[in-house]
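Dear colleague,

My notes on contacts and packing follow it.

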Amino acid sequence: MTGLLASILYEDWILHALIWLPLVGTAHVLLTSAERAKDIAFRWSALVFVLSLGLWWSFDPGDGGFTMVSTAPWIESWGVSYALGIDGISVFMVLLTTFTSAIAILGSFEYVKKRRKAFYALMLLLEMGVVGFFLATDIFLFYVFFELTLVPMYFIVGIWGGQRRIYAAIKFFLYTAVGSLLMLVAILYVYFSSGTGSFGYEAFMNAGLSLREQLWLFAAFALAFGIKVPIFPFHTWLPDAHVEAPTPGSVILASVLLKMGTYGFLRFLLPFFPEAARHPVVVMVMLVLGVVGIIYAAWVAAVQPDAKKLVAYTSVAHMGFVVIGVFALTLNGLQGGMVVMISHGISTGALFLLLGMMYERRHSRLIEDYGGIGRVAPWFATAFVITALASIGLPGTSGFVGEFLALLGTFETHMVVAAIAATGVVFAAYYMLPMVQRVLFNKLDKPENRTFADLTRREMAIMAPLVALMIWIGVHPTPFLERMEPSIEVVLERVEGAPRAAVETMEGATMVEATVNPVEDPSADPAILPAPANVPARED
Amino acid sequence: MLTPALLLSAVIFVIGTLGVIVRKNAIIIFLCIELQLNAVNLAFVALSRYTGIEGQLYVFFVMTVAAAEAAVGLAIIISIFRHYETVNVDKFNLLKW
Amino acid sequence: MVTGVSAASLASAGMAVQAAAEWQPILPGLIVLLPLLGFVLNGILALQSARHSSAALREGRDWDPFAGARPPATHRLPTWIGPGVMGLAFALALLNFLGMPADLHDPVVVPYWGWIVTGDLSIAAAIQLDQLSMVMTLVVTGVGFLIHVFSVGYMGRDPGYPRYFAYLNLFVFFMLVLVLGSGFATMFVGWEGVGLCSYLLIGYWFSDREKSDAGKKAFIVNRIGDVGFLLAMFLLFNGFGTLDFIPIFAGAENHFAAGGVTITAITLLLLLGAAGKSAQLPLHIWLPDAMAGPTPVSALIHAATMVTAGVYMVARSSVLFALAPTSQAVVAGVGVLTALVAATIAMQQYDIKKVLAYSTVSQLGFMFMAVGVGAFTAGIFHLVTHAFFKALLFLGAGAVIHAMHDAAHHGDGHLDEQDMRNMGGLRKYMPVTCAVMWIATLAIAGIWPFAGFFSKDEIIWYTAAWAGAESNPFGQLYAVYWGLALLTALLTAFYMTRLMVMTFHGANRTGKAASSHLHEAPNVMTVPLIVLAVLSVFGGWINVPNALSDSFAGLWGSLPMTEWLHHWLEPVTHTAAEIQVAGFGEAAHAAPAGGGEVAWALISTVAAAVIVAAAVMFVGRRKYVPAAQDAGPRGALPRFVYNKWYFDELYDAVIVRPVLALSRWCWKAIDTVVIDGFVNFTGNFARLAGWATSLFQTGQVNMYAFVLTLGVLFVLGAAVFL
């Protein structure tokens, strides 16, 4: 497989292809008829997904820096360049994006009835924006993509949404815009104070900011990403957006858009402002917000009459685990956070798809309108139960690995926080099982539920890979963990790194090294590079 | 010679301004605007004696703009009159909020 | 390119692969995989048959798979697959057991793959075979096999037959993961997995609201315990950097000071986990509700295996508990209190399964007391014998319910088929069931020479003996435990006899029409009962204590397997025993009230026999009326006990309702009013400001010109004068 990929120079063009092919797809969709739009959109997204799968084999985490780097000047007078790169953190986000985009488009075939061309064009545009966000290593480029994702999502919620779609769309837009504008100010501040006249990743890492500056800038970045995550108390846009969004919108929102926030923590927030990030007060604030999110969102979720809103709140709870995992600043915590991100993307995406299927059949999101579905739709019920169990973190599913590592990592540095967060495990059962019971179990006492159709072939094709992934990651997460570990260690070393001056030279050198010759010679200069002691054994 | 010329220009300008503010007939307001423009032209010409050719140059620009403005403005007023059968500016205040 | 986990990373997991040196187990992974295979096959059949039933339901009719002459393949194959994989697993376990050298000192760990491997944590999916896990595996697969066979008869006419066996096989798979896992993390996989299966099987008839409620309750209460387990794991990982049993137990003594804060916290948290799983106070409330599941499930999961996982876990962590005497005292206290409370409740229940459920809770309390006072072998011993006789009791009750169900089907009006007030005199109709259940009753009552006598006597004796240990700081507390345990043992004899008399003796109360349809269970059900009855008689002989073997109890030295279990488990428990002796001194050789082992053995068996006889007289003389005409017990104390000490009501008022109310408040007040209020306020404020300033736009051109002029004058003025 690697040989094949190398023979077609896979690494040279894949990152560009992943960003621009969806745009080509957008154009194609716009040029066809409304009837064919969904098929064409699905084919493009499937093509992108299949192409991205090569990353699983060809991606080599190496020393944890960016690989497959390519840079071209874009706006030279400002020091902006079109710079892409991928590392052990972004590779999973990209795969998750291409995967859920294809799944979400497949899952929208029945749901979206009006203005189909526009819808599928926007879906592909959204995919492009998100992939670009995860691949950009130039801060200006990253910000462009960050804002670019906002537009398609705004229209997807605002046009194809439910009753209160305008309110939800505007709320979503404003919440996100507030954060991102503050971040823009912070970006410009770093840009000017670094004095290099470059928006490059390394330039921002070596901006030489004082602790005071870092704290303020950290706050601006954290607000932007924290709204996206969302962290309590900036979460109220999420339930509204989820409830009103059409099924594929909800899937993308939960699976991918929320990850942009936590990815931002790992990629930008921690490496740019390491001193602020390890400041005890900052850490404590973030941890407490994370824990409050876990418990509070679980409680609120438990009393929701609307199934979609319930799942939306569970997203807040899950992302709380990511937040505590990340800000525990331990290897296990960060890795756990990453796994929760992947796992949440899969299981919550699957839950929204299932809820969408329910809505297509019965045109209701209220839990009380269901009951006894397990008797008439056994395949549906099986998929639903497995997904729900993965969502509440049953061992053997992906949810457990993530939450376990995140809690374990948090416990290493902050026992009390982890102990309180661990009660989230109980509350997860407290919100999820009653919904499962009231939808699938109990009496089949509503006549209109008697005709509830079981999964169609298309729906099975959607659910099968999702369920398989949940179990695969739950049973054998090591292939995932070992790919992300070096990059996470780089982040961790950056944050925990000893005196600032020393770290800067070392990290800067590492980054440059990684940029210049990413794969061919990972240990170019043993004097500069940290010894690759923790790189696990690999075989080709 | 400069002071009387500038004084005259100022007086015409103030008359024009007051006319724009006080009068209700759109045609009159329009003529008052022309008064203002010509007051400025007068100031330009007077000052160009001391500063050079640029002042007279600008007068030509202003006259061109004024001519264009007169054409467009009168056209608008005529179409408004056709619609409302009045040129009293108090009667057409839809362009708000 | 990365292909799975390499040998190098497994080695970096720090696992000692010792299999080659001492003993090569035969396909241990297959023991675990066979039930999983059964689950997959039965699961496919279940989904296949559900297709028919749901299609029929959509057309508005009921699908009866047994309507034709021969049921469809989906309902025939599970009969062979379900018990079949269990039989094979049991055979394989037996083979390994027989091959295991008696002097095997170190556990054999068979690794399969690196499950969670990060920079500083490495958890392997590995099986640990040692004497303790071997005993548990035998019980799980052996008793499990018998219950699977019984289920063929009991569930044979259920439309969800393949689904039932799928769940049951999955349960056994997770239970084997639990007992065979080589570390706390792998154990936890089984731990939550069996909880899941328990949830699925309690709510097996999920259309019934009450039954699916019971499943949900079990899962949530179990999860409360699981938090304790998780936190204990985190503390252990902080201390040792690993979660594998071998390094933790080997290093515990050097790592923790005996009685230190950390080790006490770890063990108390583990106790919380164990209490959740094993239905100990204060988390016992789910088990009686769990009786909503099919009766063989109650026998397998809620009597013989899953609920004993907590006991197994404490015994497995014996080294840790021995290092924390305070925790031990708490464990034993929880156990004895649970035993007593549950026994009192059992005395006033009318539902035959509820009596057995509380009896199980009570017996689990005994096991906790055993492992709490450091008698780990005695705890496991009672676990084994209890698996035999309680499985027998539940299956016997299942046979009774099976018969009552058929009778109720033909009888007049509604008849609660589990209420003992509707039974009576069943001995005439089902003599085999009656006989084997009497054996089990005598066993649980602790009457010589049945299995329960030896195991229960050993627990009570060890409590007494450690109460008298010279430097036991909790000596007097242990003495109290001992007294309460004796009392509970007598209560046990009473409520079990009451159950037997109400069910099988006296006049029949099913009603005339119904009683003619009462029948003995088919052979596929009675044979497992008889096998279990044999085990309930002789099962106790595997561990006749030395002190008793030369007395009446050991038939004056003629029983062959004296102290066999004790010796067998010694490699697992000896470290804990040494720590305990180092802390407490040698155990005493007399009970707190005086008297030696033989004397107390005699006293307890005679007392139990007297109680059984008295109960037969007393209960036999009472007149019971069918449930429909009975108002329940009279008097404050009986009512209090009948209502289960109002635990459910208490929790409802103190925990469930407040949390619900708080949840609602968080949603309605904080989310909707405070946060969204602020968000909407910013939006509304912008609108308001826009509206206010828009008032300046009157549309009057003169007005605009005037303001414009004022502005120009203002700026000019500022430029000139400032």
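Which residues of α3(C) and α6(C) meet? This is a predicted model, and in it the side of α3(C) consists of C:Ile31, C:Val32, C:Pro35, C:Leu36, C:Gly38, C:Phe39, C:Asn42, C:Gly43, C:Leu45, C:Ala46 and C:Ser49. Across from them, α6(C) brings C:Pro162, C:Arg163, C:Phe165, C:Ala166, C:Asn169, C:Leu170, C:Val172, C:Phe173, C:Leu176, C:Val177 and C:Leu180. Sorted by class, this contact holds 16 nonpolar, five polar and one charged residues.

As for the geometry of the pair, α3 spans residues 28-58 of chain C and α6 spans residues 161-180. Their axes come within 7 Å and cross at roughly 160 degrees. Angles over 145 degrees count as roughly antiparallel, and α3(C) and α6(C) are therefore roughly antiparallel to each other. The crossing of the two helices is left-handed.

Next, the contacts between chains. Where chain C touches chain A, 54 residues of chain C and 65 residues of chain A take part. On the chain C side, two or more residues each come from α1 (7-12), α3, β1 (108-117), α7 (184-202), α8 (209-240) and α27 (647-694).

Finally, chain A. It is divided into domain 1 (1-272) and domain 2 (278-475), and the C-alpha centres of the two domains lie 23 Å apart. The contact between them takes 32 residues from domain 1 and 32 residues from domain 2. On the domain 1 side, α4 (90-106), α9 (211-228), α10 (237-244) and α11 (247-272) of chain A supply at least two residues each. Helix α11(A) has the largest share of that side, 11 residues. By class, the domain 1 side comprises 22 nonpolar, eight polar and two charged residues.

Regards

Terms used
Residues are numbered from 1 along each chain as its sequence is written. Chains are lettered from A and ligands numbered from 1 in the order in which they are written. This is a predicted model: local features need pLDDT of at least 70, side-chain atom pairs count only at pLDDT 80 or more; totals for chains, interfaces and linings use all residues. Domain bounds come from an automatic or database domain assignment. Two residues are in contact if their C-beta atoms, placed from the backbone, lie within 7 Å. Helices (H or I, at least four residues) and strands (E, at least two) are DSSP runs, numbered from the N terminus. Ala, Val, Leu, Ile, Met, Phe, Trp, Tyr, Cys and Pro count as nonpolar, Asp, Glu, Lys and Arg as charged, and the others, Gly among them, as polar. Axes are lines fitted to C-alpha atoms, for helices over the stretch in contact, and angles run from 0 to 180 degrees between N-to-C directions. Angles under 35 degrees count as roughly parallel, over 145 as roughly antiparallel, 65 to 115 as roughly perpendicular and the rest as oblique. A crossing is left-handed if the near helix is turned anticlockwise from the far one by less than a right angle, and right-handed if clockwise.
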